[in-house]
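Trainee: I have the model open and would like to work through it by question and answer. Where do we begin?

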Amino acid sequence: MKFFIDTADVAEIKDMASTGLVDGVTTNPSLIAKSGRNIIDVIAEICDLVDGPVSAEVAATDFETMIAEGRRLAKIADNVTVKVPLTVDGLKTCKTLSDEGTGVNVTLCFSATQALLAAKAGATFISPFVGRLDDIGGVGMDLIADIVQIYGNYDFPTEVLVASVRGPQHVLEAAKIGADVATLPPAVIRAMYNHPLTDKGLQAFLDDWAATGQSILDSKGGAA
Ligand code: G3P
């Protein structure tokens with residue numbers, strides 16, 4: 001499973017990238033607005049920090065302008081993936097840009113029929129929003145299971161990129177279903193590391209080790 005970081009906060013991306021666990025980044029207009037920075041500048045900086053796909057979303061809703069914006073975003077760096085909403089004009093844009101060889105992430109997906117259309121439009125990634133479905137009493141993970149099954153039936157190359165992730169449980173369930181990617185707010189990745197028994201066990205190891213008076217390194221702090 002690939003982990004993308006869902007933020008436009010460069011400091012967070014730098015911190016997470018240092019773990020070696022970051023396979024890409026997703027942004028959207030709300031995350032760009034939260035960063036307080038110009039989209040061209042911040043996407044260029046993120047593309048320098050992360051080798052994997054970096055999603056940058058168009059802001060227009062009409063085909064002509066979406067195409068122009070998508071082509072501009074794609075020029076920022078080779079690892080830019082253009083993000084478009086799952087609308088008629090969004091999928092027309094997806095088809096055109098993907099035919100030009102540009103990676104496209106189709107976002108704001110809330111049904112399996114939408115995901116089927118996006119795959120037929122040549123989407124590189126489909127972004128179903130599981131958290132927002134859960135928020136209205138739906139079961140976001142059922143959608144992920146449906147899409148994974150449908151894409152497998154027809155060998156669609158479109159990767160299922162689970163978005164709107166609210167916590168480690170979403171990541172666990174997505175991995176069990178076999179989704180290709182999960183895009184994670186930094187707080188969710190950090191939460192995945194944590195378990196109280198790990199903390200308790202580590203403290204016990206440290207206490208017992210301290211009692212031995214030993215040091216693994218030599219007196220000069222070297223490996224000897
Ligand atoms: O990538 C999509 C994600 O940012 C949306 O998350 O929490 O606003 O539903 P959320």
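Mentor: Begin with a term: buried means under 20% relative accessible area, exposed over 50%, and partly exposed in between (1.4 Å probe, protein chains only). Helices (H or I, at least four residues) and strands (E, at least two) are DSSP runs, numbered from the N terminus. This is a predicted model: local features need pLDDT of at least 70, side-chain atom pairs count only at pLDDT 80 or more, and totals for chains, interfaces and linings use all residues. Residues are numbered from 1 along each chain as its sequence is written, and side-chain values use heavy atoms, with hydrogens and water left out.

Trainee: Which residues of strand E7 point the one way, and which the other?

Mentor: E7 covers residues 159-162. All four named residues are buried. Glu159 and Leu161 point one way; the other way point Val160 and Val162.

Trainee: In what sense do the strands of the closed barrel pair?

Mentor: Two strands pair if DSSP finds at least two bridges between them. The barrel has eight strands, in the order E1-E2-E3-E4-E5-E6-E7-E8. The pairing is parallel.

Trainee: How many bridges join E6 to E7, and what is the partner of phenylalanine 125 in E7?

Mentor: E6 and E7 run parallel, joined by two bridges. Phenylalanine 125 has its bridge partner in E7: glutamate 159.

Trainee: What is the hand of the crossover from E7 to E8?

Mentor: The chain leaves E7, passes through helix H9 (residues 168-177) and reaches E8. A crossover is right-handed if, with the strands pointing away from the viewer, the path from the first strand over the helix to the second runs clockwise. This β-α-β crossover is right-handed.

Trainee: Is serine 127 buried or exposed?

Mentor: Serine 127 lies in strand E6 (residues 125-128). Its relative accessible area is 1%, so serine 127 is buried.

Trainee: Which side chain makes a polar contact with the side chain of serine 127?

Mentor: A polar contact is a pair of N or O atoms within 3.5 Å; within protein, one must be able to donate a hydrogen and the other to accept it, and residues adjacent in sequence count only if both atoms are side-chain atoms. Here the distance is 2.7 Å, and the partner is asparagine 105.

Trainee: How many bridges join E5 to E6?

Mentor: Strand E5 (residues 104-109) runs parallel to E6. In E6, proline 128 is the bridge partner of cysteine 109. The number of bridges joining E5 to E6 is three.
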